[in-house]
Amino acid sequence: MTADISALDLEEAGAVLAAESARFASFGWMRGTSGNLSVVLSREPLRLAVTASGHDKGELTPADVVLVDGQGAAVQGGKPSAEAELHARVAALTGAGAVVHVHTVASVAMGKRKPGGIVFSDLEMLKGVGQPAHDVEVTLPVIANSQDMKVLGDRLEEARNPRMPAVVVAGHGLYVWGADPRQARHHTEVVEWLLELELAGR
């Protein structure tokens, strides 16, 4: 991919992100204007389409998206999410093609209960994040929150587990990524299921 991104490219990305946002909002994972999604449109230089700030995520249109650079600064469009910088950091760090950030009750509750990380094992659903269902333990990292995206990105980089395409931000929510929006969605749904099961078991 190159940085030669047209208005049509951005609109098409916006349509995908609007559809994904509506799906997550229907689950109650993006209440009000919370949460944000992104998709990588270029690697050299890094460019992402990120959902615009301050919009109801259940009512996004293809126009409600902003093109940002590798530092999360707007290149084209309106005002990006405040967390656009972290989306760009995750994309650069992991090679992900899409990033999801949702505010789920289970992620916030379990982040408080397990600040050192949440361990899963012997569950078939682990296959949904590319891990064996049995005889292994997989840890979902939990990091402390910060309003400074550089600090939060440093914490994510330090804590990241290559075997788990997600991290919980304590008191905030869940960041998940994948090769494309569809895989990022599947990873998000699987990790949230794991968190809900852990919460129910406690």
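Tutor: Quick ground rules: the model is predicted, local features need pLDDT of at least 70, side-chain atom pairs count only at pLDDT 80 or more, and totals for chains, interfaces and linings use all residues. Residues are numbered from 1 along each chain as its sequence is written, and side-chain values use heavy atoms, with hydrogens and water left out.

Student: Okay, why is His 101 called buried?

Tutor: Buried means under 20% relative accessible area, exposed means over 50%, and partly exposed is in between (1.4 Å probe, protein chains only). His 101 has 0% relative accessibility, so it counts as buried.

Student: And what makes His 103 partly exposed?

Tutor: His 103 comes out at 28% relative accessibility, and therefore it counts as partly exposed. His 103 is in the loop between S5 and helix H3 (105-113), whereas His 101 is in strand S5. Helices (H or I, at least four residues) and strands (E, at least two) are DSSP runs, numbered from the N terminus.

Student: What does His 101 touch?

Tutor: Contact means heavy atoms within 4.5 Å. Not counting residues up to four places away in sequence, His 101 touches residues including Met 30, Glu 83, His 87 and His 172. His 87 belongs to helix H2 (residues 84-94), and is one of its buried residues.

Student: Which elements do the buried residues of H2 pack against?

Tutor: Among them are strand S1 (36-43), strand S5 (98-102) and helix H4 (149-159).

Student: Last one: why is the pair of Phe 24 and Trp 29 called stacked?

Tutor: Rings of Phe, Tyr and Trp (its six-membered ring) pair if their centres lie within 6.5 Å; planes under 30 degrees apart count as stacked, over 60 as edge-to-face and the rest as tilted. A search of the whole structure finds two aromatic pairs. Phe 24 and Trp 29 are 5.9 Å centre to centre with 20° between the planes, so they pass both cut-offs and count as stacked. Both Phe 24 and Trp 29 are buried.
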